[in-house]
Amino acid sequence: MEPLFPFLDLKAQFATIRDEVMAAVTRVMESQQFILGKEGEELEGEIAQRVGVSAAVGCASGTDALMLALQALGVGAGDEVIAAPFTFVASAGAIARLGAKPVFVDIQPDTFNLDPNLIERALSGRTRAILPVHLFGLAADLDPILEVAKAHRLPVIEDAAQSIDASYRGSKVGSLGAVGCFSFYPTKNLSGAGEGGLLTTNDPELADRFRVLRDQGSRQRYSYEVLGTNSRLDEIQAAILRVKLRCLDAWTAARRRNAARYAAIFKECGLGDCVKLPVEPPGFFHVYNQFTVRCPERDRLREFLCRRGIPSQTYYPFPLHLQPAFSYLGHRAGEFPEAERASREVLSFPIYPELSAERQTSVGRAIAEFYDKARA
Ligand SMILES: Cc1ncc(COP(=O)(O)O)c(C=O)c1O
């Protein structure tokens, strides 16, 4: 059955900002300056200030942000980088594409993020960085990760693609490690009209390297001090992102309201024992890029909801260590049990800011119907 409403309704968002977005696009069209202009520079300044870092550097995607971060830190062939096995492919993929080895460390079952207690034993003489992901809008437990990193003089690269404005013990994600990597892909909390990404850092030398690497390794036209790539954030994206950035506080508040509303609805529907809700540990500020629950009968539940037109998504159905693209690493099922169990049990429901209470209630009622039938 066709979903009764979308999983993510970007048209509803656009309806609220149409005039400002169209004016921003027109402004760029009138200027005919499309690459490395004023809009990008302004956006970098606005995001740096918001995240609480000295520099932000735009680039073409979140994937490129990860590549540029690793490259700027000197990661290359034969090196190892600590990575999460339960996440989007881009972080481990960037490590591997630079010739380095992603060394997976299992996740915590409640937060879905890297388990800091397991990092130390995964380090070797070849480890060059630790790359935690702040998954679904919740920061990884950064203090113990930073502690291990400091003890071993390793930089931490934060994959904050899903978590702009999330915070950890009072600091925004992207401000605590050596580098923060962000994505403006359309499903993100701050999204462009296409692809886009950004790096944050407090290290001026690193920021300078990002700028050179994103522009073909060039500081001066037709002079190449290193080999870089073409990964610049274009002016139309930057201008649109600047409009949306002004709405981000309200959108994050709406996502958090929706998360609280799901919790109340699920409780009211008697789902407390059936579905495990996302957690927000003390000192963490969750921005709910996804509202992801876990339940052992995930596949049957999803099928049931699908037949009733209730939208849901599985992020992510397979852990990275068991993906064909990483088969050369020789991992086997059972090596990262929490990542594997999460892949079997997670299910995400619509959480976008404009989502109505009625739609959230319809999600809760349909889930309750599934469990009532299962119990009968
Ligand atoms: C956790 C995570 N890291 C990295 C990326 C890559 O970002 P992009 O799609 O902008 O390349 C994404 C999302 O798409 C993501 O969710």
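Start by selecting Ser61 and Thr63 at the start of helix α3: a side-chain oxygen of Ser61 reaches to within 3.4 Å of the backbone nitrogen of Thr63. A polar contact is a pair of N or O atoms within 3.5 Å; within protein, one must be able to donate a hydrogen and the other to accept it, and residues adjacent in sequence count only if both atoms are side-chain atoms. The model is predicted: local features need pLDDT of at least 70, side-chain atom pairs count only at pLDDT 80 or more, and totals for chains, interfaces and linings use all residues. Residues are numbered from 1 along each chain as its sequence is written, and side-chain values use heavy atoms, with hydrogens and water left out.

Now select α3 itself, residues 62–72. Helices are DSSP runs (H or I, at least four residues), numbered from the N terminus. Nine of the eleven residues of α3 are buried, so the helix is largely enclosed by the rest of the structure. Buried means under 20% relative accessible area, exposed over 50%, partly exposed in between (1.4 Å probe, protein chains only). Among the buried residues are Gly62, Asp64, Met67 and Ala72. After α3 comes Gly74, with a positive phi near 85°.

Next, show the ligand. Which helix gives the most to the shell around the ligand? Helix α3 does, with three residues. Of the 14 residues around the ligand (a heavy atom within 4 Å), Gly62, Thr63, Asp159, Ser183 and Lys188 come nearest.

- Asp159: a polar side-chain atom lies 2.7 Å from a nitrogen atom of the ligand.
- Gln162: a side-chain N or O atom is 2.8 Å from an oxygen atom of the ligand.
- Ser183: a side-chain N or O atom is 2.7 Å from an oxygen atom of the ligand.

The protein covers 94% of the 380 Å² of accessible area that the ligand has on its own (Shrake-Rupley method, 1.4 Å probe).

Move on to the aromatic rings. The structure holds 19 aromatic pairs. Rings of Phe, Tyr and Trp (its six-membered ring) pair if their centres lie within 6.5 Å; planes under 30 degrees apart count as stacked, over 60 as edge-to-face and the rest as tilted. Select Tyr288 and Phe291, a tilted pair at 6.3 Å centre to centre with 35° between the planes. Tyr288 is buried at 8% relative accessible area, and Phe291 is buried at 2%. Then select Phe7, Phe86, Phe112, Phe136, Tyr315 and Tyr316, which ring pairs link into a cluster.

Finish at Glu41 in helix α2, residues 38–51. Glu41 counts as exposed, at 59% relative accessibility.

Terms used: Helix = DSSP H or I, 4+ residues; strand = E, 2+ residues; numbered from the N terminus.
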